[in-house]
Amino acid sequence: MSRLTRYVTAELIPPLLAGTLLFTAILSFGYFFVSSQWLSGVPVGLIARWIAYQLPDTLVKVFPMAVVLMTVVAFGRMSTERELIAVQSGGVSLGRAARPVAVVAALVTALALWLSLWVAPKANVETRGLYWDALTGAGLSQLAGKTVDLGGNLTLAMKGYDPKTRQMQGVRVEKWTPDDHRRGTIILADSGTFEASRLTLKGYGVYTVNYGAVPALARVPDTDPLALRAALNEVFASVVVPAQASDTLNVDTGLSRKETLAKYADAIGADAEGWPQLITKLTAPGVPAAERQEARVNLNRKLALPFANLVLALAALPFALRFGRTLGVSLGIALLIAVAYYLLFFVGLTLASQLPGLPELGVWLANLVFAVSGLWLLRRT
């Protein structure tokens, strides 16, 4: 590593770390402030753990802002103090001097990709599970009165939920035959629990019903009991009632308790899908077209935002050379560039939903615009 590379890298690291800490602290305080009314009396350790679970997703969002601040502060100072002029007068081009920016931004991009596709989805599930089960104590209360999809063609509905005992009341579990929407198995239970990926039901009855056979039942004459019994057996193919009221039934679910809370407890479900889940949706047979399209958008979104670190480092460089006079000005410029990027990024996501044939164009719109703009501005600098 040359002396120039070491010197420029040393100029880049402090503002990168400071920006990451600053923006992470701001977002983390925002999470706490929004939820503070439900956190009264909660141990500080649990709150710290809850905020820590949000760090991977937060870092993916703040890294682009930190990279912009890094570039503007470091190269703004070197430009103001004529250090870049001295370097160029020694025969070193601006591109060579700025190479450490690309290296650092590439490393941050790799870290953000890992966090976005593998770490943040799992941490987001833990965040929601901890919030509803430990911090607020509400548990599955948010799901009472709703019908939720637990995966594997299994749905769950409950009449009520007791947070103190973690017991569901008035439970209904349904599983319908994929190739026949009129035939399915319905489980009705007085109570039950949902822990990990298993439902444990008490006071249950299991009924396999074929609604397609109901019209034939209506045509059976009342004077023929054997035919009526046969028709009833066609409608109720199987009925299982436990011998003792204390018997329990265990049902394995596709989604775990934490994943169910992450997906359904809030109005906006947690971002809980990573690389394995998205690739499965894109490649597995039998996935509905709408889910496949959504996975396509989500995967590109999780790729585009980490690559914004490289794009914004390029776009911020000409602004640093022109306007990065002081730390206050540099911070203001960094915020303006970051806000402009995120606004265009969200506009692109909106356009992606209107471009079913090529959603990638909308998702990557902000990166394309800022990359082209950065190159154009550098040529004019």
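Q: Is arginine 166 buried, exposed or partly exposed, and why?
A: This model is predicted. Arginine 166 has 27% relative accessibility, so it counts as partly exposed.

Q: Which side chain does arginine 166 meet in a salt bridge?
A: Side chains of opposite charge can pair when their charged atoms come close. Here arginine 166 meets glutamate 195, at 2.9 Å from N to O. The pair links distant parts of the chain, 29 residues apart. Arginine 166 sits in the loop between β2 and β3, and glutamate 195 in strand β4.

Q: What other salt bridge involves glutamate 195?
A: Arginine 257 also meets glutamate 195, at 3.8 Å from N to O. This pair spans 62 residues, from strand β4 to helix α9.

Q: Is arginine 257 buried or exposed, and why?
A: Buried means under 20% relative accessible area. Arginine 257 has 3%, so it counts as buried.

Q: Where do lysine 61 and aspartate 57 lie?
A: Both lie in helix α3, four residues apart, about one turn of the helix. Lysine 61 is partly exposed at 31%, whereas aspartate 57 is buried at 18%.

Q: How many salt bridges does a search of the whole structure find?
A: The search finds 17. Some join up: Glu11, Arg77, Glu81 and Glu83 are linked in a network.

Q: Which residues form a nonpolar patch on the surface?
A: Val347, Leu351, Leu355, Leu358, Leu361 and Leu368 do, with about 490 Å² of accessible area together. Leucine 361 is found in helix α13.

Terms used:
Residues numbered from 1 in each chain as written. Predicted model: local features only at pLDDT ≥ 70, side-chain atom pairs only at ≥ 80, totals over all residues. Heavy atoms only, no water. Patch = residues over 30% accessible without salt bridge, like charges linked within 9 Å, V, L, I, M, F, W, Y side chains within 5 Å. Areas by Shrake-Rupley, 256 points an atom, 1.4 Å probe, with all protein chains shown as cover. Salt bridge = Lys/Arg side-chain N within 4 Å of Asp/Glu carboxyl O. Helix = DSSP H or I, 4+ residues; strand = E, 2+ residues; numbered from the N terminus. Buried < 20%, exposed > 50% of the residue type's maximum accessible area, 1.4 Å probe, protein only.
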